[in-house]
Amino acid sequence: MSDKKGTQETIEVLQLVLTLVELLAKEIKGDGLQWTDAVRVVMSSEFQEKLGKAVAGFTEIPGEVDDLSGIEVIDLAEFALRATKTALLNIGRAA
């Protein structure tokens, strides 16, 4: 665990997942989940931007995870908790 690779690619995948959850939650508000909702979400510019970033460095994630230091684990956990809280608040506002 040398702390050399960082966590950027891992964070970008987490951001992609949370963006997907938020966008789907907004789409299903009211009429429930429709197959067209998924199409609208994956074609949205917000999702496409996050997807591009996540896919570009996806193969780097195993190396980042293998290289995690204790501080990086804590930083990733903190990021995930804060981002999840924000996503849930945004979903609540959209409801």
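This is a predicted model: local features need pLDDT of at least 70, side-chain atom pairs count only at pLDDT 80 or more; totals for chains, interfaces and linings use all residues.
Glu78 is partly exposed, with a relative accessible area of 36%, while Arg82 is exposed, at 57%; here buried means under 20% relative accessible area, exposed over 50%, and partly exposed in between, with a 1.4 Å probe and protein chains only.

Residues are numbered from 1 along each chain as its sequence is written, and side-chain values use heavy atoms, with hydrogens and water left out.

Now the overall picture. The chain has five helices and zero strands, and read along the sequence it follows the pattern α-α-α-α-α; helices (H or I, at least four residues) and strands (E, at least two) are DSSP runs, numbered from the N terminus. The C-alpha atoms fill a box of roughly 50 × 25 × 15 Å, taken along the principal axes. Of the 95 residues, 29% count as buried, and the chain exposes about 6,400 Å², of which carbon and sulfur atoms supply 63%; these accessible areas come from the Shrake-Rupley method with a 1.4 Å probe, and for residues only the protein chains shown count as cover. If we take the contacts in the chain with a separation of 6 or more, residues 24 or more positions apart account for 81% of them, a contact being heavy atoms within 4.5 Å.

Let me return to the salt bridges, for the structure holds four. One of them joins Glu27 to Arg40, with the closest N and O atoms 2.7 Å apart. Because Glu27 lies in helix H1 and Arg40 in helix H2, this pair ties together parts that are 13 residues apart in sequence. Arg40 also forms a salt bridge with Asp37, where the closest N and O atoms are 2.9 Å apart, and since those two residues are three residues apart in helix H2, about one helical turn lies between them.

Trp35, found in helix H2 (residues 35–43), counts as exposed at 69% relative accessibility. Together with Val39, Val42 and Met43, Trp35 forms a nonpolar patch on the surface, with about 460 Å² of accessible area in total. Patches are made of residues with over 30% relative accessible area and no salt bridge, like charges being joined within 9 Å and nonpolar side chains (Val, Leu, Ile, Met, Phe, Trp, Tyr) within 5 Å.

With 21 residues, H1 reaches 30 Å from its first C-alpha to its last, close to the 30 Å expected at 1.5 Å a residue, the expected span being 1.5 Å times one less than the number of residues. Its buried residues include Ile11, Val13, Leu16 and Leu23, and also Glu22.

Which side chain of opposite charge is nearest to Glu22? It is Lys26, 4.7 Å away, and Glu22 is buried yet has no salt bridge; in this count Lys and Arg are positive and Asp and Glu negative, with His and the chain ends not counted. Not counting residues up to four places away in sequence, Glu22 touches Ala87, Asn90 and Ile91.

Leu14, also placed in helix H1, is partly exposed, with a relative accessible area of 30%. Leaving aside neighbours within four places in sequence, Leu14 is in contact with Leu76 and Phe79, and although Leu14 and Phe79 are 65 residues apart along the chain, their C-alpha atoms are separated by 9.0 Å.

I will end in helix H5 (residues 70–94), where Ala77 has its place. Ala77 is partly exposed, with a relative accessible area of 37%, and Ala77 and Lys5, 72 residues apart in sequence, are 17 Å apart in space, C-alpha to C-alpha.
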